[in-house]
Amino acid sequence: MPAKLAARARVSGTGQGRKTDAADAHAIVMVALRDKGLRELAADPGLTVLRLLCDRRDELSRARAQALNRLHRLFLELVPGGAPVKKSTAQYRALLATVRPRDPAGKTRRRMAAEELADTGRLDAKLKPMKAELKAAVLASGSHLMDIHGIGPAGAARILADVGDIARFPNRSHFASWTGTAPIDASSGQHTHHRLSRAGNRRLNHVLYMAGIVRLRHDTPGRAYYRLKVASGKTPMEAMRCLRRRLSDVAYRQLAADARAPQQTGPGGHSGATLSSSAAGLPPGTGTSDQPLPGPAPATLPPPPATPKAPAAPAGAPPRRRARGVNVETPSVNPFQRWGPAG
């Protein structure tokens, strides 16, 4: 139930628009009875599992980033002049091996850095199999989101888990508004201007942002589009906003194409009323009207007994007279002209 529809029903009803549990329930029921265009939600166990895996992966990734930030803070005090940012766990481990402090504070910092490195290693060991599990879950769902350059297993799983049924979005503009990639008109007078939207699903917005960053790092059509927008006078942030809007359209088209594609089934499964349905025949290309008709049944019954012939009349016997039947006059009209000329 959209919150705006429930709020309008609550305000237009009695109770001066106060928000209570009883008023909310009554408003939701009234809107559901009046508006027949609302979609019915259905629980999907596969998407629930995918959502749990995505949430767990995000928690572990956030904990790893925090551990790396604490580790970098310690290295700023351990290494003269500070340590470079964005180093991997192996690089930090090699850098820690070169640090030999002699004062008590330095030794304590080194011990804390070693503990942070151990925590980071454990998080890395948990994230690696989880990434493989997410990839297998996305492939099992039949989605081709990972074919889009810049979207990996974690991003594809997050899109599938949050979107659910793509049919609830009438077009790509509604989908872009939901992901927060649609710009907001901030024009004033003769000056036409659009600004970045802070609404929408921020997790999917982050997935599309990372896909845009990946495309900018490689020679892709996304980089050419970004440079074209910058050359036309847009700021880098505005150009990135435009790129995210285009990536939202690409993701919407891929989700819609995956929804229209027939589901893949195993041997003996039914994939619906299609020509590739295994219910029609064993060969995959056999349809309900393409199966060969069966041949004649084998002769398994005994042949019928021969009927005895009537004895022949003797030579001197008079011929028997047959009963006279009723003569029926045959019409002389052509049966094809009975209904007149063809019209």
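# A tour of a predicted helical model

Start by selecting L95, which lies in helix α4 (residues 89–97). Helices here are DSSP runs of H or I with at least four residues, strands are runs of E with at least two, and both are numbered from the N terminus. L95 touches F75, V79 and A83, leaving out residues up to four places away in sequence. Touching, or contact, means heavy atoms within 4.5 Å.

Before moving on, note what you are looking at. This is a predicted model, in which local features need pLDDT of at least 70 and side-chain atom pairs count only at pLDDT 80 or more, while totals for chains, interfaces and linings use all residues. Residues are numbered from 1 along each chain as its sequence is written, and side-chain values use heavy atoms, with hydrogens and water left out.

## The whole chain

Zoom out and colour by secondary structure. The protein has 10 helices and 2 strands. From the N terminus on, the order is α-α-α-α-α-α-α-β-β-α-α-α. Of the 343 residues, 27% count as buried. Buried means under 20% relative accessible area, exposed means over 50%, and partly exposed lies in between, with a 1.4 Å probe and protein chains only. Take the contacts in the protein with a separation of 6 or more: residues 24 or more positions apart account for 53% of them.

## The cores

Next, select L145, I159, V163, I166, F175 and L255. Of the 32 residues in the largest nonpolar core, these touch the most other members. A nonpolar core is a set of buried Ala, Val, Leu, Ile, Met, Phe, Trp, Tyr and Cys residues joined through side-chain atoms within 4.5 Å. Which helices each supply at least two residues of this core? They are α3 (45–78), α5 (104–140), α6 (153–163), α8 (202–217), α9 (221–231) and α10 (236–260). The largest share, 8 residues, comes from α10.

Centre on I166. Not counting residues up to four places away in sequence, I166 touches F175, Y252, L255, A256 and A259. Then find L71, L74, L78 and L117. They are among the 12 residues of a second, separate core.

## Helix pairs

Two packed helices are described by the angle between their axes and the distance between the axes. Axes are lines fitted to C-alpha atoms, for helices over the stretch in contact, and angles run from 0 to 180 degrees between N-to-C directions.

Show α7 (residues 172–179) with α10. They pack at an angle of about 120°, with their axes 9 Å apart. That makes α7 oblique to α10. Angles under 35 degrees count as roughly parallel, over 145 as roughly antiparallel, 65 to 115 as roughly perpendicular and the rest as oblique. The crossing of α7 and α10 is right-handed. A crossing is right-handed if the near helix is turned clockwise from the far one by less than a right angle, and left-handed if anticlockwise. R172, S173, F175, A176 and T179 in α7 meet R245, S248, D249, A251, Y252 and L255 in α10. This contact of α7 with α10 has 5 nonpolar, 3 polar and 3 charged residues. Ala, Val, Leu, Ile, Met, Phe, Trp, Tyr, Cys and Pro count as nonpolar, Asp, Glu, Lys and Arg as charged, and the others, Gly among them, as polar.

Pick R245 in helix α10. Is R245 buried or exposed? R245 counts as buried, at 12% relative accessibility.

From α8, the contact uses N205, L208, Y209, A211, G212, I213, R215 and L216; from α10, M240, L243, R244, L247 and S248. By class, the contact of α8 with α10 has 8 nonpolar, 3 polar and 2 charged residues.

Now switch to α5 and α6. Their axes come within 9 Å and cross at roughly 50°. The two are therefore oblique to each other. Their crossing is left-handed. K131, L134, K135 and V138 in α5 meet P153, A154, A156, A157 and L160 in α6. That contact divides into 7 nonpolar, no polar and 2 charged residues.

## Last stop

Finish on R158, found in helix α6. At 4% relative accessibility, R158 counts as buried. Leaving aside neighbours within four places in sequence, R158 is in contact with C54, D55, D58, R203, L204 and V207. R158 and R203 are 45 residues apart along the chain, with their C-alpha atoms separated by 7.9 Å.
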